[in-house]
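Please read the following report alongside the sequence and the model.

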Amino acid sequence: MLRKSLLAMALAVIAGSTALADSFVFTAIPDEDETRLKQRFDKVADYLAAKLGVEVRYIPVKSYAAAVTAFRNNQVQLAWFGGLSGVHARRLVKGSEAIAQGYEDQFFTTYFIANAATGIAESKDFPKAIAGRTFTFGSKGSTSGRLMPEFHIRKQFGKSPDDVFSRVGFSGDHSRTLALVQSGAYEVGALNYKVFENEKKAGKVDPAKVRITWTTPAYPDYQWSIRGDVEATFGAGFKAKVRQALLGMKDKMLLDAFPRKSFVAASNGDYAPILDTAKSIGLIDD
Amino acid sequence: MLVRRSATVNASFGFVGIALFCLIFADLEVTTLDPWTELGRMAWGFATPDFLAVDQLADALLQTVAFAVLGVAAGSVFGFVLAPVFQHFGPVRWVCAFIRAIHELFWALIFIQMFGPSPLAGILAIAIPYTGICAKVYAEILEEADLRALKTLPPGAGRISTFFYAKLPDVWVHLKDYTFYRLECGLRSSAVLGFVGLPTLGFYLESFFKQGHYSEVSALLILFFVLIATIRLWMRPRIAWVYVAASPFAIAAGAGTTTFEWVNVQRFFTEDIVPAPLRNAEILDPGAWLNFGDWTWALLSHQALPGIVATILLTQIALVGTGILALAFFPMISDRFFGRAGRTVGHVFLVIARSTPEYVLAYIFLQLWGPSMLPAIVALSLHNGAIIGHLIGRHVNELERRPDAPKGVNLYAYEVVPRVYGQFLAFLFYRWEVIMRETAILGILGIHTLGFHIDSAIADIRIDRAMLLIVITALLNIAIDICSRNLRRRLRLRSTPDAA
């Protein structure tokens, strides 16, 4: 029974999987609700296919590093990166460029959050009272969950996070940072402000248990990056077409996949501050 | 003292002593403030599995089986080819020791650099370490073959015919059983590889778990438990080839299909793994070599050395924890201690404990106790204790029984445990190296094991650092393996894990 269905299934799908040549493939870093990635981004793929006139596919990846690797290996030609992963990717692929960013990404921020039992209140200035507590970052490769908070911690204390806090963890993702700080498994954490706001809207933030203690100054974050060699495959002017398609994305249902209000133009130069920050804390070598 | 304790008892006390010593340095503080809301949410989720929410459930299951089947098939075939020369040819032994000393997850991370998140990366990540393991265990099984058949051969019988007609038939059942046990391990590996991007169960499991969708997590875990528990129903040696033949098609249809470019493989070897200070430098430039010295020293002193210490502490404590739990668990599935109903409950418990990825267990305990070594120790001990408990329990059921055997505690302490103790230690020492490899994936708890630093290097796209740390991890594993083998020899423990 099982082997029959297995075989039938296998045969059914080889038929479907042969027409893959020269399709335009993109991915997105898994920063938030990964569970519906495929559904969300397949719609974006359909939109791009209609605008670009080529076959467009989305492939899911499991980590920031995997997104960078797929881009580097030319398994994807376009990617929705975070600030830091985008910088990594473009350093590794000559001629690649940032072509669009979310409207919100021009002035992105990180929230430092604390479990209410710590008694650390919200403040305008960096909350130095977090020293000596347990602290969790998000993913190791995240801009808002790792790079920017580590930068500010080092700047304020003149020490590495390991020396500032009694324990330092990497929750792996923003939602989990929130869950861990809310339960008190970690006392303090730092995460992407948008994820926090979304979770709040979804009713998953209990103000009696977790609160924002500090908001970082703004920095540039997520962006669409494209490989330089796409025009050799898809024709001259393809890059501009992709940018136009992204900037012209107005359907709220599509934009919610990111989630962003709209996309605006971006360039590699916009991300110089991220590169400098990454170098200053030793995440990227000079 | 008049009582002379046996060598096995001395060894056991030695290990407990080492673990107690390690406990002094281990960080076991409980720091949680309010775990109950999240734990309540988990408990509710686990009690209300939602099978409809996961759209790609059937596909995830299919992929999990397909990757496991292909990986194990390739691993066992290569292992079988290498087994006859394993004992006589040093380099084969060393290469096998090296490739099995690296965790599947790290193999996957390496191959993803070359092939991207593609099926090839996944299959190789299982096949390569399994080749090393199968070559070793098959060789040991062949070694123990009954030699009487050999003596009946006419003089001058060729080596190959001797192997196939006299040696192989005697151990065939044993080889087959072991290969099936490997398939169960392969299913677990295949599922866990989803954590780094293969489209298997782990892919969805990790996503749902991260998001706190515990009903979906529960559904996935239950399916996985059923898959493992029913392995003997859906997989038979006779139809194994059907699975092997069908798997490539199933995988080709999966989500991870990507293109293959030779330049990426080339780049991996000529750029990625070359230490940063030597990349693009003249080979004779003394400055570059000085920088390389600094680079190596910084990596060793800041990451490798502390990583080794943390890894050993965690391993030694978890090893003893595993032993204690295994001794506590095995009666659950033994007909010497429990009736049919009790044993069923025991089986369900052990399947759950041994099939739930340590990472998931660790996360639950992290909620309960906060970040320290404690969640990691308990997670590793529970998972491995359940595996050894299962194997010992089955072994106990096969023991000859005396009509005048005592009952209850006396049966346990004065008959069963003494009779299986040697086998128990053999399994435990086998598991030693495995436990050490598994410490790698618990970086989330803020324990900076070697695995944590490897993961960090990969996240920073510093493949050169990752490679050096992986090699160090492998050497540490080989060292443990040698200790384990010497101990087993000294204690005269049966060396083959009579697993299946």
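The second largest cavity of this predicted model holds about 580 Å³ of space. A cavity is, on a 1 Å grid over the protein atoms alone, a set of points where a 1.4 Å probe fits but cannot get out, and lining residues have an atom within 4 Å of a point. Grid points are joined across faces, edges and corners, and a volume is the space filled by probe spheres set on the points. The lining of the second largest cavity counts 32 residues, and B:Arg182, B:Cys185, B:Arg431, B:Val434 and B:Glu438 are the closest to its centre. At least two lining residues come from each of α6 (119–143), α8 (159–193), α17 and α18 of chain B. Helices (H or I, at least four residues) and strands (E, at least two) are DSSP runs, numbered from the N terminus.

Residues are numbered from 1 along each chain as its sequence is written, while chains are lettered from A and ligands numbered from 1 in the order in which they are written. In this predicted model local features need pLDDT of at least 70, side-chain atom pairs count only at pLDDT 80 or more, and totals for chains, interfaces and linings use all residues; side-chain values use heavy atoms, with hydrogens and water left out.

The axes of α17 (residues 373–398) and α18 (residues 408–438) of chain B come within 10 Å and cross at roughly 145°. Axes are lines fitted to C-alpha atoms, for helices over the stretch in contact, and angles run from 0 to 180 degrees between N-to-C directions. Contact means heavy atoms within 4.5 Å. Among the residues in contact are B:Leu380, B:Ile387 and B:His395 of α17(B), and B:Phe424, B:Arg431 and B:Glu438 of α18(B). By class, the contact has twelve nonpolar, four polar and two charged residues. Here Ala, Val, Leu, Ile, Met, Phe, Trp, Tyr, Cys and Pro count as nonpolar, Asp, Glu, Lys and Arg as charged, and the others, Gly among them, as polar.

The whole structure has nine cavities of 30 Å³ or more. Nearest the centre of the largest one lie A:Ser63, B:Phe195, B:Val196, B:Glu206 and B:Asp455. There are also pockets, each an open set of points with protein on both sides within 12 Å along at least five of seven lines.

| Space | Volume | Lining by class |
|---|---|---|
| Largest cavity | about 760 Å³ | 19 nonpolar, ten polar, six charged |
| Second largest cavity | about 580 Å³ | 17 nonpolar, five polar, ten charged |
| Largest pocket | about 890 Å³ | ten nonpolar, five polar, 15 charged |
| Second largest pocket | about 740 Å³ | eleven nonpolar, seven polar, nine charged |

Which helix gives the most to the lining of the largest pocket? That helix is α13(B), with five residues. For the second largest pocket, α14(B) gives the most, also with five residues.

Chain A contains an open sheet of six strands with mixed pairing, in the order β2-β1-β3-β10-β4-β11. Two strands pair if DSSP finds at least two bridges between them. β2 (56–58) and β11 (263–265) of chain A are the edge strands, each pairing on one side only. From one strand to the next the twist averages 25°. Strands β1 (residues 24–28) and β3 (residues 78–81) of chain A run parallel and are joined by three bridges. In this sheet A:Ala28 stands opposite A:Trp80 of β3(A). Helix α2 (residues 37–52) of chain A lies across β1, β2 and β3 of chain A, at about 165° to β2(A).
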